[in-house]
Amino acid sequence: MAGKIKLLAWLIAICLLPGLTTTQHHEGQRMDNTSVAGDLQEPEAPEVMFELLWARLELDVMGQLHIQDEELASTRPGRRLGLLLQHHVPSDLEGAEQRLQQFQDRRKGPPLSPWDFQHLLLTGLSCVYRLHKALEAEERGRWAQVFALLAQETLWDLCKGFCPEGKPPSLEPWSSILDPFP
């Protein structure tokens, strides 16, 4: 499981590289949760997001994802990621399915904004953690299906303007990674 999660974190960070900007702290600027929350519309720099995700997340008993490394979690980017995970990433299966439907409905439109693309990736990451915590086979299967469809939507969005029209990108080479029951 740890290998799959680290691979997914690496893929997410790679996908975030194009066109994202860094949120910078300026002298005299507050660094409390108010200033952190105010900048949530701008995605974090990819290398920072990669470091945060590489440190691994944990799913608590309340169903919230947290950064395991307390030192990283206490940094401004760590607090921002925590707020994103807590307030903008679905924490239950129905919410993840609704979010998936929203992304599927936007498939024909322009590429997702960096903000929406970040949510797509973090929702997929959340699904992986919840899949591994699910106790019943039916629930694991549903989480795996939502994750696979979110991964497909990620490829759709990355291919906009590059793939032949109407021909979806294939997840076939990744099928072993997506198999929830190895």
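This report describes the fold, the nonpolar core, the salt bridges and a charged surface patch of one protein.

## Basis of the model

The model is predicted: local features need pLDDT of at least 70, side-chain atom pairs count only at pLDDT 80 or more, and totals for chains, interfaces and linings use all residues. Residues are numbered from 1 along each chain as its sequence is written, and side-chain values use heavy atoms, with hydrogens and water left out.

## Overall fold

The protein contains 9 helices and 2 strands, where helices (H or I, at least four residues) and strands (E, at least two) are DSSP runs numbered from the N terminus. Along the sequence, these elements follow the pattern α-α-α-β-β-α-α-α-α-α-α.

Of the 182 residues, 42% count as buried. Buried means under 20% relative accessible area, exposed over 50%, and partly exposed in between (1.4 Å probe, protein chains only).

## Nonpolar core

The largest nonpolar core has 17 residues, of which Leu120, Cys127, Trp143, Val146 and Leu150 touch the most other members. Such a core is a set of buried Ala, Val, Leu, Ile, Met, Phe, Trp, Tyr and Cys residues joined through side-chain atoms within 4.5 Å. Two or more residues come from each of helix H6 (93-105), helix H7 (114-133) and helix H8 (137-159). The most are given by H7, with 6 residues.

## Salt bridges

The whole structure holds 5 salt bridges, each defined as a side-chain nitrogen of Lys or Arg within 4 Å of a carboxyl oxygen of Asp or Glu. Arg142 and Glu97 form one of them (3.0 Å, N to O). Arg142 belongs to helix H8 and Glu97 to helix H6, so this pair ties together parts that are 45 residues apart in sequence. Arg142 is partly exposed at 29% relative accessibility, and Glu97 is partly exposed at 28%.

Asp116 and Arg106 also meet in a salt bridge (2.9 Å, N to O). Asp116 lies in helix H7 and Arg106 in the loop between H6 and H7, 10 residues apart. Asp116 is buried, at 18% relative accessible area, whereas Arg106 is partly exposed at 38%. In the salt bridge between Lys160 and Asp157, the closest N and O atoms are 3.5 Å apart. Lys160 is buried at 18% relative accessibility, and Asp157 is buried at 9%. Salt bridges with shared partners join Glu94, Glu97 and Arg142 into one network.

## Negative surface patch

Glu51, Glu58, Asp69, Glu70 and Glu71 form a negative surface patch. Patches are made of residues with over 30% relative accessible area and no salt bridge; like charges are joined within 9 Å, and nonpolar side chains (Val, Leu, Ile, Met, Phe, Trp, Tyr) within 5 Å. Glu58 lies in strand E1 (residues 57-59) and is partly exposed, with a relative accessible area of 37%.

Technical notes. Areas by Shrake-Rupley, 256 points an atom, 1.4 Å probe, with all protein chains shown as cover. Lys, Arg positive; Asp, Glu negative; His and termini not counted. Charge placed at Lys NZ, Arg CZ, Asp CG, Glu CD.
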